[in-house]
Amino acid sequence: MKVTFVSNYINHHQIPFSDALYERLGPDYCFVQTMPMEEERVAMGWGVDIRKLPYVRCLYEDEYLCRRAIAESDVALLGWSEREDIAQERLHSGKITFRVSERLYREGQWKAISPRGLVAKYKEHIRYRNENVYLLCAGAYTASDFRLIGAYPGKMFRWGYFPQMRTYSEEQFASLKKEGPLQIVWAGRFIPLKHPEYVVRLAACLRQKGYDFRVHMLGSGELEPEIRRQAEQAGIAEQIVFYGYQEPDKVRDVMEQCHIHLFTSNYLEGWGAVVNEGMNSGCVEVVNAQVGAAPYLIRHGKNGLVYPDDSYPEMEALMLDLFEHWEERKHMGYAAYQTIVREWNAAHAAEELIRFARDLAGGKTTPSASGPLSPAPAVFPGKMYGAMMRGEI
C-alpha cells in the first residue's frame, strides 16, 4: 500500500506519525511538503532538518516527482497546503483520500451563511460527499462545522496531532514528580488567544491563599513584556519562571518535572498539541473545553479537568479545588499518561489508518471503537461542555 501525506510543511507534531508510517510501509510512504517553514516557526524551535527524513519530498524543489507520488498513491492524506489545485487533482481521481482538517468556522458557525464561502466549500468539500473521500477531524469541533455544510455524511472520524511519545516504567514515572511545591507548567505563544494573563491572575490568587507553588512559562510573543510587568506589579515574579522559546525536547523535560499543565487557549485553538505532551508527561491537565483536543483526549475528573466558555473564574475554581484536594486528585496525571500511551499516539494512529484504509480498499468501512479513526460526533459547540460533563463524547 502506497500512502502520501500532503501538507504545508512537516514539524515535530507530525514527524512521529510519519516515522510510524515509514516504519510500517518503508519507501511506500511519502510526505510532500508544499512550502518552507515560516521564519517565525523556526525561531520558536520548530525547525526541522528535512534532509534527515527519508520520506520527505519538497513540492517547490521537484513538483513533477511530488505530483506523481500523490497520483500513484493508493491512499492520500490532504492537510492544509495552499495548493488546492493539487488537492483537486487527487479528489477527482476516485482513489481513497482523506481530508485532514481543523475547524472551518473557528470564529463562529454564522459564517457558514456566506454565499461566497459556500461556493468555495462546495468546490473543496461538499461535491465529494458521495465519493471515496473521508474527513479526519483534527479537533472535536470540526465535525459540527462540516455537518453544517452537508459534507462527508457518515464519513467523519476522530483525528488529531501525535507529538513524540515518551514512555516510563512505573518506577520512572513515580520518580518524575517530586514532593514539595506544586509545579505548574504553561507553554505557548504569548498572544491574546492563549491568555497568558490568566496565569498571572491565578498565581496571585494562589499566593494570596498561601499555597506553595511555582509556575513555569515556556514560550514568547507579543504579550511577554506585559505579562512580565504584570507579574512584577502583582509581586509574584519570584513564583514564575520565564523560559522564552525552547526546543520541543526542553519543553517536555520541564513538563516531566511539573504536576499540573494549565492550558488557557480559547476557541481559536484548533487542536493544542501541548495537551498531548502534558498528558504524556503525567501532568494533571486543566484545559479550556473550547480547545479542539480537549473533548477527544480528556474525560473530566478521570484523566484531567476542563472548564467552560473560556472562563477565568471557572478555571480558578478548578485550580483551587485541585490544590485543596491534591492527594485525591493527583491520580489523574497517571491516567492522562495512560490515555496517550495506550491510544492517542503516533504508532496506534498509523496502525489504525493502515487497517482502516485496507478495509476500505476491500469495500468495508470499519471505524475504530475509540480514539483515532473512531466516528467523530458532530456536537454543536455551545453544547460540547455539557456533553463532556455527561460523558457523551
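Modeller: Keep in mind that this is a predicted model. Let's begin with helix 15, residues 331-342. This helix has 12 residues. From first C-alpha to last, helix 15 reaches 17 Å, close to the expected 16 Å.

Colleague: Which residues of helix 15 are buried?
Modeller: Met332, Gly333, Ala336, Tyr337, Gln338, Thr339 and Ile340.

Colleague: New topic. How many residues does the largest nonpolar core have?
Modeller: The largest nonpolar core has 91 residues. Phe17, Leu21, Leu77, Phe98 and Trp159 have the most contacts inside it. Helix 16, residues 346-361, gives the largest share, eight residues.

Colleague: What is Leu77 in contact with, leaving aside neighbours within four places in sequence?
Modeller: Val3, Thr4, Phe5, Val6, Phe17, Phe98, Val100, Leu136 and Leu353.

Colleague: And the second core, what does it include?
Modeller: That separate core has 34 residues, including Ala231, Ile236, Tyr307 and Met315.

Colleague: How do helix 8 and helix 9 cross?
Modeller: Their axes come within 9 Å and cross at roughly 10°. That is under 35 degrees, so helix 8 and helix 9 count as roughly parallel. The crossing is right-handed.

Colleague: Which residues make the contact?
Modeller: Helix 8 uses Glu197, Val200 and Ala204. Helix 9 brings Ile227, Gln230, Ala231 and Ala234.

Colleague: Last one. Where does Glu38 lie?
Modeller: In the loop between strand 2 (29-33) and helix 2 (39-46). Glu38 is partly exposed, at 37% relative accessible area. Glu38 and Tyr9 are 29 residues apart in sequence and 9.4 Å apart in space, C-alpha to C-alpha.

Methods:
Residues are numbered from 1 along each chain as its sequence is written. This is a predicted model: local features need pLDDT of at least 70, side-chain atom pairs count only at pLDDT 80 or more; totals for chains, interfaces and linings use all residues. Side-chain values use heavy atoms; hydrogens and water are left out. A nonpolar core is a set of buried Ala, Val, Leu, Ile, Met, Phe, Trp, Tyr and Cys residues joined through side-chain atoms within 4.5 Å. Buried means under 20% relative accessible area, exposed over 50%, partly exposed in between (1.4 Å probe, protein chains only). Helices (H or I, at least four residues) and strands (E, at least two) are DSSP runs, numbered from the N terminus. Contact means heavy atoms within 4.5 Å. The expected span of a helix is 1.5 Å times one less than its number of residues. Axes are lines fitted to C-alpha atoms, for helices over the stretch in contact, and angles run from 0 to 180 degrees between N-to-C directions. Angles under 35 degrees count as roughly parallel, over 145 as roughly antiparallel, 65 to 115 as roughly perpendicular and the rest as oblique. A crossing is left-handed if the near helix is turned anticlockwise from the far one by less than a right angle, and right-handed if clockwise.
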